[in-house]
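Hi everyone, thanks for coming.

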Amino acid sequence: MTASFKPVSVAIGDLTAHLANVRSNSPETYDPENIAHLKASIAVLGLLQPLLVQKLDGKYAVLAGGRRHAALKELVADKAAKGFTAKTKVDCRLVPDDCDETTALSLAENITQAPMNAIDEFEAFARMMEVDGQTPETIARTFGTTVAAVKGRLRYGLIHPDIRAAARAKVITLDTMKAFAEHPSQEVQREVFEALTKEDSYLQAYTVRQALKSRGVQVSDDIGALVREDYEARGGAIAADLLEEHSVLEDAALVETILLEKLGAAAEEARAKLGFSWADAVVRYDYAAMADYGRVYPGPIEPDEAAQKHIDEITAELDKLQREMEDEELEDDAYNALYDRVDALEEEARDLQEAYSAEDLARAGVIASWSSGQVTLHVGLVRPEDTSKEKGACGASSSPTGEEAPDPCEISYPASLAEDLKAERAMALGAAMALHPEATLDLTLFKLVSDVLCSGLSVTQAIKIDARTEYRSHAKMDEIDATSLEQVAAAHDALDLSWLDDARSPADQFAAFRALEAGKKAKLVAYATASTTQSCFARDRQRDSLMHDFENEIMPDIRAHWTPNAALFNRFKKAWLLKILGEDLGLAQEAVTLASSSKKEIVAFCDKLFAEPFATLTDAQRAAVAAWCPPMMQTAGVACDEAEPTAESPEPDSEVAQAA
């Protein structure tokens with residue numbers, strides 16, 4: 001039998017909470033932010049559904065309708081809301097005192113207040129516009145939401161009726177239906193829907209979005225924003241959307257033509273500035289297809305007096321900027337501005353001290369491509385037919401520094417940070433050498449004997465047998481990770497230095513040294529040799545196979561001697577940190593959450609993560625954290641195009657990518 005409850009009007013000030021209300025233990029439900037839309041609706045339309053109340057201790061306790069009650073109290077407290085005071089009466093239904101169904105009644109009313117789904121909301125908003133003459137602005141005010149949110153729902157009216165019907169029938173999911181709104185043309189939607197359902201009965205939102213991308217470019221996409229003005233000037237068709245940013249440039253061929261023209265202009269400008277012989281443009285730079293191309297690099301030149309004066313000025317300004325960047329209270333925008341200025345100055349200084357040879361300029365060129373929303377220039381490329389065939393030339397002149405050019409798929413660090421990372425890597429290698437005395441002794445003796453007895457070049461320039469400690473400069477020596485320094489100090493403490501007595505003559509010291517056990521001699525030689533290692537990144541097997549293989553043997557994992565810390569992360573851009581978290585470490589959700597945080601907070605998070613990996617990490621995430629370091633510092637790391645990702649990379653339009 002259905003209960004019937006007497007209608008009653010109750011002053012808002014006489015309403016109170018009921019302990020039997022099933023939402024009473026969820027105070028967050030009544031937070032002002034969670035009832036803002038309800039408050040806005042009641043302010044405009046009044047209370048559409050009566051509260052269910054029961055008389056308790058002279059008050060009317062709200063058994064069902066706690067959120068409406070909270071919204072009413074907010075309206076009373078809001079001085080800007082007219083017509084709502086503590087004495088304002090609202091419609092209620094009175095539950096008898098002897099009713100034993102209070103909890104069931106509260107639960108039934110609460111669970112039946114299910115939110116409308118996206119299609120229902122679209123149809124309701126559309127009716128309000130068509131029948132009541134409402135606008136997106138008035139609808140937004142009524143429901144306490146944004147105009148963009150209302151237009152977002154109204155956009156579902158642009159989805160082909162067959163697709164909406166499929167969502168209602170649960171043939172496709174609501175998310176899949178929403179994906180079709182990426183393109184405003186219902187004809188295009190229908191064609192894609194029919195094509196995909198023929199291939200696969202189960203559609204995914206990602207598949208739909210990818211298919212729609214081939215049917216045009218949104219004006220808000222980076223490419224769309226770049227070409228739109230020229231596209232419209234040439235009469236290109238545009239499919240209009242309720243939200244301007246979702247309108248689509250439908251002629252994909254015209255979009256690509258204009259993009260290539262702009263890329264070609266950028267390549268030609270760079271060619272003329274640098275003096276190369278040719279320029280070209282591609283939409284996407286295919287590294288596999290470009291494998292047969294060579295590359296030339298600038299070599300050192302002696303600056304003239306004016307250039308040297310300018311270099312000195314740049315050096316002084318760089319020192320000043322580095323000191324400013326050490327301010328921990330620096331805002332992200334200010335830090336990034338200083339960082340960009342440092343990059344520009346370091347590049348300017350390099351240009352004054354390096355130049356391409358006339359021979360290289362005559363055969364090399366520039367290719368411009370579109371990458372990460374901007375024009376990317378690939379300079380110094382040599383076409384396969386122009387590549388030198390001489391043995392050892394490797395298709396192009398090599399870098400005068402002996403270092404490989406930076407891998408384009410890695411984050412490119414400014415010169416100052418790169419030099420400091422080289423120093424830290426040298427310290428880690430020194431620690432590994434000190435901990436492997438027998439292998440290092442063999443290397444030292446081999447180096448000494450080979451350099452003396454073998455004709456030709458030295459077997460390696462990576463270590464020096466001249467009894468001098470290699471000087472390693474570092475901008476923040478007192479802040480770097482101390483692991484390698486502690487390991488070297490421990491190795492030093494274990495050395496037998498009984499022979500080293502300044503009161504003895506060198507001959508007596510040598511005699512005492514010769515009397516040491518072989519193992520003790522090996523430790524001494526290893527420690528001394530470790531101190532001569534030069535600062536550099538991972539070595540190229542072709543250029544220095546000896547040290548490449550030796551490092552792989554004694555230091556297969558640099559993380560055994562070095563741990564990334566706040567001093568390092570503070571020198572990274574915020575976008576880099578988010579990319580490392582989301583893509584390298586598989587912490588996509590954390591990256592999304594941290595995207596709205598300050599850089600200082602992200603640095604602190606990364607510092608804690610690497611100091612002691614969180615217990616909540618998955619095995620894959622833990623392994624990624626334990627292994628991560630800047631790729632050029634790793635010893636036996638794999639190339640970026642061969643490495644297996646630790647987690648699925650987010651789609652280009654994913655939250656992580658947007659945050660970064």
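I'll go through a few charged pairs, one after another.

Quick housekeeping: this is a predicted model, where local features need pLDDT of at least 70, side-chain atom pairs count only at pLDDT 80 or more, and totals for chains, interfaces and linings use all residues. Residues are numbered from 1 along each chain as its sequence is written, and side-chain values use heavy atoms, with hydrogens and water left out.

Side chains of opposite charge can pair when their charged atoms come close. By salt bridge I mean a side-chain nitrogen of Lys or Arg within 4 Å of a carboxyl oxygen of Asp or Glu. There are 18 of them here.

Okay, Arg190 and Glu194. Their closest N and O atoms are 3.1 Å apart. The two sit 4 residues apart in helix α9 (residues 186-199), which means about one helical turn between them. (Helices are DSSP runs of H or I, at least four residues, numbered from the N terminus.) Glu187 joins in too, forming a network of salt bridges with Arg190 and Glu194.

Next, which parts of the chain does the pair Arg341 and Glu317 link? This salt bridge is 3.2 Å, N to O. It links distant parts: Arg341 is in helix α14 (residues 332-353) and Glu317 in helix α13 (residues 305-325), 24 residues apart.

Last one: Asp360 and Arg363, at 3.3 Å, N to O. Are they buried or exposed? Asp360 is buried at 6% relative accessibility, and Arg363 is buried at 15%. Buried here means under 20% relative accessible area, with a 1.4 Å probe and protein chains only.

Key:
Buried means under 20% relative accessible area, exposed over 50%, partly exposed in between (1.4 Å probe, protein chains only).
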